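Take a look at the chain below and keep the 3D view open while you read.

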Amino acid sequence: AEFECETVAELPVEYETMTGYTTSEDFTFDDKGNLIATHNGNLIKMAMGGDKQVITPNVGFTAGMAFLPNGDIAVASVDNGSLWRIAPNGAKVTVLSGLEYPNGLDIDEDGLVYVAEQDGQRLRRVDPFTGEFVVIAEDLCNANGVSFAPGYQRLYVGSFGCGVIYAIDRIDKETWGEAYLFASIGEEFMEDAEEPEEPEGPPAFCDGMDVGDLCHEKATGPGTCQAEGD
């Protein structure tokens with residue numbers, strides 16, 4: 001049988017634009033709805049009204065954060081190649097160091113942290129209190145971004161620039177299967193894609209940021225955004 005798809009008209013969605021928030025690409029929310037993010041190199045808490053409170057100063061460039069069941073925050077520190085655990089009072093503990101560009105993390109139902117390493121091209125499961133870890137998957141092209149499916153029986157890992165999403169299925173409580181290709185944008189799409197234009201002015205990682213804001217470029221490391229011509 002042949003089927004025809006019926007186009008559904010787009011319905012207007014009401015929304016409210018709020019200003020004054022940070023330009024952090026990684027953030028989470030606490031149980032009171034406060035935004036937890038980085039701003040000018042500090043880990044901050046920001047209320048709906050816009051009031052900012054520094055939780056931990058000088059955290060540098062981070063790439064992934066999420067709350068643990070006990071209320072601490074797991075944070076992937078790119079500059080330090082580390083996984084941190086930050087308490088509500090701002091105290092910071094290095095859980096595991098030696099990570100190769102940690103980029104993206106998620107937490108399972110038991111409070112274990114799964115962190116992707118972009119340069120290491122692997123995924124680790126880490127106990128956030130002992131630092132003990134297990135490598136769940138390797139040879140993941142520029143592993144970037146981690147997310148559990150509902151029920152915690154499948155784990156998705158994205159990639160930076162490789163156009164793929166990997167999936168890893170859970171076998172039992174302690175064991176995971178082999179990573180496999182879950183989705184790809186495909187070579188045909190890549191062939192049809194237009195070459196991006198060279199940006200003018202400051203590099204893209206400073207878009208939306210103020211002069212002096214902390215930024216990070218993989219090739220050169222941490223720095224601050226500069227005005228054009230500086």
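Predicted model: local features only at pLDDT ≥ 70, side-chain atom pairs only at ≥ 80, totals over all residues.

What does the side chain of Arg-154 meet in a salt bridge? Its partner is Asp-169, with N and O 2.6 Å apart. The pair ties together distant parts of the chain: Arg-154 sits in strand 14 (residues 154-159) and Asp-169 in strand 15, 15 residues apart. Asp-169 is partly exposed too, at 26% relative accessibility.

Why can such pairs form at all? Side chains of opposite charge can pair when their charged atoms come close. In this model there are 10 salt bridges. Here are three of them, with the gap between N and O:

| Salt bridge | N to O distance |
|---|---|
| Arg-154 and Asp-169 | 2.6 Å |
| Asp-72 and Arg-85 | 3.1 Å |
| Arg-170 and Glu-109 | 3.4 Å |

Now for the Asp-72 and Arg-85 pair, whose side chains meet at 3.1 Å. Asp-72 is in the loop between strand 5 (62-67) and strand 6 (73-77), while Arg-85 belongs to strand 7 (residues 82-86), so the pair links distant parts of the chain, 13 residues apart. Are these two residues buried or exposed? Both Asp-72 and Arg-85 are buried.

Next, Arg-170 and Glu-109, with their closest N and O atoms 3.4 Å apart. This pair also bridges distant parts of the chain, 61 residues apart: Arg-170 is in the loop between strand 15 (164-169) and strand 16 (180-184), and Glu-109 is in the loop between strand 9 (102-107) and strand 10 (113-117). Arg-170 is buried because its relative accessibility is 10%, and buried means under 20%. Glu-109, at 35%, is partly exposed. Both residues also belong to a network of salt bridges, together with Asp-108, Asp-110 and Lys-173.

Let's move on to empty space. Rolling a probe the size of a water molecule over the atoms shows where empty space is left. The second largest pocket holds about 300 Å³. It is lined by 15 residues, and the closest to its centre are Asp-30, Lys-45, Phe-67, Gly-71 and Pro-88. Which strand gives the most to this lining? That's strand 4 (residues 52-56), with three residues. Sorted by type, the lining has seven nonpolar, four polar and four charged residues.

You'll find Tyr-21 in the segment before strand 1 (27-29). Its relative accessible area is 31%, so Tyr-21 is partly exposed.

Tyr-101 has a phi near 55°, a positive value in a residue other than glycine. It lies in the loop between strand 8 (92-96) and strand 9, and with 15% relative accessibility it counts as buried. Gln-121 has a positive phi of about 55° as well, although it isn't a glycine. Look for Gln-121 in the loop between strand 10 and strand 11 (122-126), where its 30% relative accessibility makes it partly exposed.

One last stop is Gly-145, found in strand 13 (residues 143-148). How many residues separate Gly-145 from Ser-159 in sequence? They are 14 residues apart along the chain and 7.1 Å apart in space, C-alpha to C-alpha. Gly-145 is partly exposed, with a relative accessible area of 24%.

Technical notes. Residues numbered from 1 in each chain as written. Heavy atoms only, no water. Helix = DSSP H or I, 4+ residues; strand = E, 2+ residues; numbered from the N terminus. Buried < 20%, exposed > 50% of the residue type's maximum accessible area, 1.4 Å probe, protein only. 1 Å grid on protein atoms, 1.4 Å probe; cavity = no way out; pocket = protein on both sides within 12 Å on 5 of 7 lines; lining within 4 Å. Points joined across faces, edges and corners; volume = space filled by probe spheres on them. Nonpolar A, V, L, I, M, F, W, Y, C, P; charged D, E, K, R; others polar. Salt bridge = Lys/Arg side-chain N within 4 Å of Asp/Glu carboxyl O.
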